[in-house]
Amino acid sequence: KLLDSVKEYAPNLVQEVVPDLLSLADVQKVLQNLLRERISIRNLPAILEVLGDIGRRTKDVEILTEYARNALSRWLCHEHAEEKKLHVVTLDPRLEEAIQQRVEHTEGGGFLSLRPPAVQKIVEAVAREVQRQLQGGHAALVLTSPQIRVHVKRMTESALPMLVVMSYNEVLPDYEVESLGMVTVDLASL
């Protein structure tokens with residue numbers, strides 16, 4: 001239905017993307033991924049435009065979703081900022097690197113090859129920092145590198161369903177970022 005409404009005022013945009021570049025199923029998966037993270041898809045023309053651009057280079061739904069998120073950066077920042085300021089928790093750069101080294105890419109997309117005890121330690125560390133963030137009266141928001149954003153979200157979504165995970169490239173220049181804490185874990189245990 002959404003695509004039908006966009007077809008009414010932007011038929012060329014829809015024809016350019018579906019089915020020539022991406023299947024309707026792939027577009028639906030991207031939209032489902034956005035909705036799963038409570039991201040508005042009202043700006044469907046912007047989403048389709050970026051899918052049309054990136055769909056020429058990749059059919060990986062994860063990558064397409066991340067680019068769609070970038071196209072919605074203004075909405076993301078506005079939705080999660082307090083007076084143009086994002087209060088965030090970050091990950092220790094060494095932890096980010098350790099997670100990134102454990103991302104394996106397959107035809108079906110990327111997956112994280114961490115043992116369950118290691119994932120549990122990371123989730124517990126994130127939960128501790130986010131709890132401090134919430135006690136300070138701020139939303140639960142983690143800021144991480146774009147390469148691992150989706151993996152951090154997947155790791156934490158069952159234990160911390162309301163946690164928002166944004167990447168650095170989704171933060172617009174006119175928004176200030178204030179780090180309220182940093183997630184650290186013993187890397188030897190990973």
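Modeller: The lining of the largest pocket consists of five nonpolar, eight polar and three charged residues. Here Ala, Val, Leu, Ile, Met, Phe, Trp, Tyr, Cys and Pro count as nonpolar, Asp, Glu, Lys and Arg as charged, and the others, Gly among them, as polar. The model is predicted: local features need pLDDT of at least 70 and side-chain atom pairs count only at pLDDT 80 or more, while totals for chains, interfaces and linings use all residues. Residues are numbered from 1 along each chain as its sequence is written, and side-chain values use heavy atoms, without hydrogens and water.

A pocket is an open set of points on a 1 Å grid over the protein atoms alone, where a 1.4 Å probe fits, with protein on both sides within 12 Å along at least five of seven lines; lining residues have an atom within 4 Å of a point. Its volume is the space filled by probe spheres set on the points, which are joined across faces, edges and corners. Sixteen residues line this pocket, and those closest to its centre are E62, I63, E66, P146 and Q147. Helix α5 (61-71) gives the largest share of the lining, five residues. Strand β2 (103-106) and helix α9 (149-156), like α5, each supply at least two residues. Helices (H or I, at least four residues) and strands (E, at least two) are DSSP runs, numbered from the N terminus.

The second largest pocket has a volume of about 290 Å³. Of its 18 lining residues, N33, R36, V61, E62 and R154 are the closest to its centre. Two or more residues of this lining come from each of α3 (24-36), α5 and α9. The lining of the second largest pocket has twelve charged residues, beside four polar and two nonpolar ones.

Four strands form an open sheet in the order β5-β4-β1-β6, with parallel pairing; two strands pair if DSSP finds at least two bridges between them. Strands β5 (164-167) and β6 (176-183) stand at the edges, and because each has a single partner strand, one side of each is left without a neighbour in the sheet. Strand β1 (residues 85-91) runs parallel to β4 (residues 141-144), and two bridges join them. In this pair, V89 stands opposite V142 of β4.
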